[in-house]
Amino acid sequence: MNGAIYAADMWCVDCAEKIKQRIRATGGAPKDEDDQTSYDSDEFPKDCDKAALNTVEHCAATASCINAIELDGFKIGCWLENDLTAEGRVYVIEAVRNGRDGADNQVTELWALYYDYLDFESDDCTKVSATVLIDTDVLTEQRALIGTLIGNLCDGRTGFCIRRDLPTLFGIQGILDTIADST
Ligand SMILES: [Zn+2]
């Protein structure tokens, strides 16, 4: 992803640079800025090394972000182009669908564009293959998800469907197969 972590928040490269300049001006910058192991992200912005996140990350500078996105009536921090974990995909699908049910969906419609490979429409659980979960690095999460999903099986379509209000749409059997294949 594109950004830096500082003071427990994530910032775009340009806003992080502005923070760095401010810290340098006060003489508080680390001796070797390139040696990111030598300082803490609470002291000085560090490159974010997280590949995928559970949410959509926008620059923490929000409306003051140098690259802020101007929407109708307000601004938000630019998108940090992060990938999503399995949980993040669920979160985005839910947010986009909830946004479409409500009036204010400017942000979630942006997310729908950023992550246009997700399926925001389908109510047919079996249509969504388990391929979204195949990455081995999310295997642990899959195990956790199964616990959640099994608790949410819908009555009518046992075995494949989870409740509609939980539009994660991952087929339980598919997840189990995926795990069986990768272990
Ligand atoms: Zn920014």
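Q: Where do I start, and how many helices and strands does the protein chain have?
A: Start with an inventory. This is a predicted model, and its protein chain has five helices and seven strands. Going along the sequence, the pattern reads β-β-α-β-β-β-β-β-α-α-α-α.

Q: What is the order of the strands in the open sheet of three?
A: To read a sheet, go across it from strand to strand. Here the order is 2-1-3, and the pairing is antiparallel. Strand 2 (9–11) and strand 3 (46–47) each have a single partner strand, so each is left with one side that has no neighbour in the sheet.

Q: How many bridges join strand 1 and strand 2?
A: For a pair, check the direction and then the bridges. Strand 1 (residues 4–6) pairs with strand 2 in the antiparallel sense over three bridges. Look for Ala4, which sits opposite Trp11 in strand 2.

Q: Which elements have the highest and the lowest mean pLDDT?
A: Helix 1 has the highest mean, 97, while helix 4 (residues 139–150) has the lowest, 50. Over residues 124–140 the pLDDT is below 50, though this stretch has 34 contacts in the model beyond near neighbours in sequence. Across the protein chain the average is 76, with 66% of the residues scoring at least 70.

Definitions and conventions
Residues numbered from 1 in each chain as written. Predicted model: local features only at pLDDT ≥ 70, side-chain atom pairs only at ≥ 80, totals over all residues. Pairing = 2+ DSSP bridges. Helix = DSSP H or I, 4+ residues; strand = E, 2+ residues; numbered from the N terminus. pLDDT = per-residue confidence, 0-100. Contact = placed C-beta atoms within 7 Å.
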